[in-house]
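Have the model open and follow along.

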Amino acid sequence: MRDVREWAAPLVRFVRLHRDPAVVQALRSATAATVAYVVALRLSPEAAPLTAPLTALLVVQVTLYSTLTTGIRRVNSVVAGVLVAIAFSLLVGLTWWSLALVILAALAVGHLVRVDEFVNEVAISAMLVLGVTTVGNTAWARVLETLIGAVVGLGCNLLLAPPVWVGEAGASIEGLARRVRQLMLRMGEEAAGRTPVEHATERLHEARRLDHDIVEVDAALRQAEDSLRLNPRVKEGLLHRVVLRTGLDTLEICTVVLRVLARTFTDLAKERDPDPLFGPQTGAAVEQLLSEIADAVVSFAVLVTADVSQNADAAESRLTAELRQASATRDKLAQLLLEEVQRDASQWQLEGAVLTEVNRILDELDTEHRSRRLLEELDRTSREQRERMPRLTRLRDSLHVPAQLRRDRTASGRQSR
């Protein structure tokens with residue numbers, strides 16, 4: 001049995017590598033460049049028509065949506081840059097001063113042909129092509145090669161479906177949730193005993209650094225959203241996008257509230273130094289509550305990425321149970337805090353703030369709140385799409401109703417009853 005596993009291990013690694021989006025994108029780019037070169041060998045009089053594969057590489061995009069929405073501008077920028085380079089190769093060739101003039105001319109032409117964000121690419125294309133265009137009588141051959149590369153690049157994006165980056169975005173969201181969980185667990189452990197001011201301040205800094213993690217996750221999510229748009233491999237792209245986006249929004253709100261909670265703990269540590277933040281029973285309740293909320297945060301992240309893992313029902317049941325337990329612990333903590341305030345009301349505002357902040361996190365993670373938010377966002381997005389593309393939207397809506405949406409509506413109905 002062990003020999004079989006050892007023999008199968010390379011095959012498993014090969015399959016995983018084959019499915020990796022970065023590998024898929026590299027293969028698509030290499031395919032587009034190779035096909036463009038082969039076609040150019042047959043149609044171009046040049047012995048080495050390198051402009052065709054160069055143009056194909058520049059045209060091929062990471063996602064089909066970006067190809068269709070920006071492909072024309074990108075092709076225009078490449079063609080404009082190539083034409084500028086050809087003109088200079090006919091006149092002066094490649095020197096240090098002609099390179100400077102090529103860049104200036106290409107940037108000016110880019111603004112004239114209105115390629116928007118691809119103005120710099122006009123100059124890049126001009127510089128690259130100038131390096132391989134040194135013979136004046138091959139100018140029109142370079143134009144032909146550019147058109148070949150552009151057509152092949154666009155064709156590869158249409159025929160070879162780009163990779164879907166949902167798995168990477170889901171992993172980023174779950175990674176953020178696990179970092180939030182670790183911080184909550186540390187805060188809970190310190191709240192159960194004596195917390196030096198410097199330790200509480202360090203937790204506050206960690207909570208603030210979560211903003212950088214959110215920026216990285218947001219970038220991964222934007223790439224996933226683009227890969228879902230107009231992708232023939234995805235049946236319910238709108239639902240995937242809305243589920244992931246609303247999930248990240250919820251986690252972002254939780255991190256903001258966690259930062260406020262860390263600041264509250266820091267203020268309590270300053271006020272009560274060198275005494276503990278809470279009494280023994282209250283501190284134990286805070287530790288237990290933060291531990292339960294931390295687990296719920298991870299379960300929420302698993303739930304919003306369940307379209308990737310296909311564990312939506314199990315994740316929702318686990319999250320519901322964890323939130324129910326956390327709510328019971330929250331009620332116990334509220335009673336203990338009330339007793340502490342009755343004994344000593346000097347920091348009642350900070351103690352009340354602790355309860356308010358954990359309540360906000362629990363409300364954000366609530367499954368009914370999530371279902372309502374998801375439905376609202378789907379309605380808003382669908383309305384915007386109907387306004388932009390009314391005919392296409394009516395055709396799509398007549399074909400199917402997303403299965404996940406039906407599950408969310410059913411779950412919302414059960415909870416409301």
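What volume does the second largest cavity have? About 40 Å³. Before going further, some ground rules: this is a predicted model, where local features need pLDDT of at least 70, side-chain atom pairs count only at pLDDT 80 or more, and totals for chains, interfaces and linings use all residues. Residues are numbered from 1 along each chain as its sequence is written, and side-chain values use heavy atoms, with hydrogens and water left out.

A cavity here is a set of points, on a 1 Å grid over the protein atoms alone, where a 1.4 Å probe fits but cannot get out; its lining residues have an atom within 4 Å of a point. Grid points are joined across faces, edges and corners, and the volume is the space filled by probe spheres set on the points. Counting those of 30 Å³ or more gives two cavities.

Around the second largest cavity you'll find T246, G247, T250, F300, H369, R370 and R373. Helix 10 and helix 15 (367–388) each give two or more residues to that lining; helices are DSSP runs of H or I with at least four residues, numbered from the N terminus. By class, the lining has one nonpolar, four polar and two charged residues (Ala, Val, Leu, Ile, Met, Phe, Trp, Tyr, Cys and Pro are nonpolar, Asp, Glu, Lys and Arg charged, and the others, Gly among them, polar).

R373 also makes a salt bridge with D249, with the closest N and O atoms 3.1 Å apart (the rule is a side-chain nitrogen of Lys or Arg within 4 Å of a carboxyl oxygen of Asp or Glu).

The largest cavity holds about 50 Å³. Its lining includes M187, E190, R203 and F265, and the residues split into six nonpolar, one polar and two charged. Helix 8 supplies the largest share, three residues.

D213 is buried at 17% relative accessible area, while R179 is partly exposed at 36% (buried is under 20%, exposed over 50%, partly exposed in between, with a 1.4 Å probe and protein chains only).

How values were computed
On a 1 Å grid over the protein atoms alone, a cavity is a set of points where a 1.4 Å probe fits but cannot get out, and a pocket is an open set with protein on both sides within 12 Å along at least five of seven lines; lining residues have an atom within 4 Å of a point.
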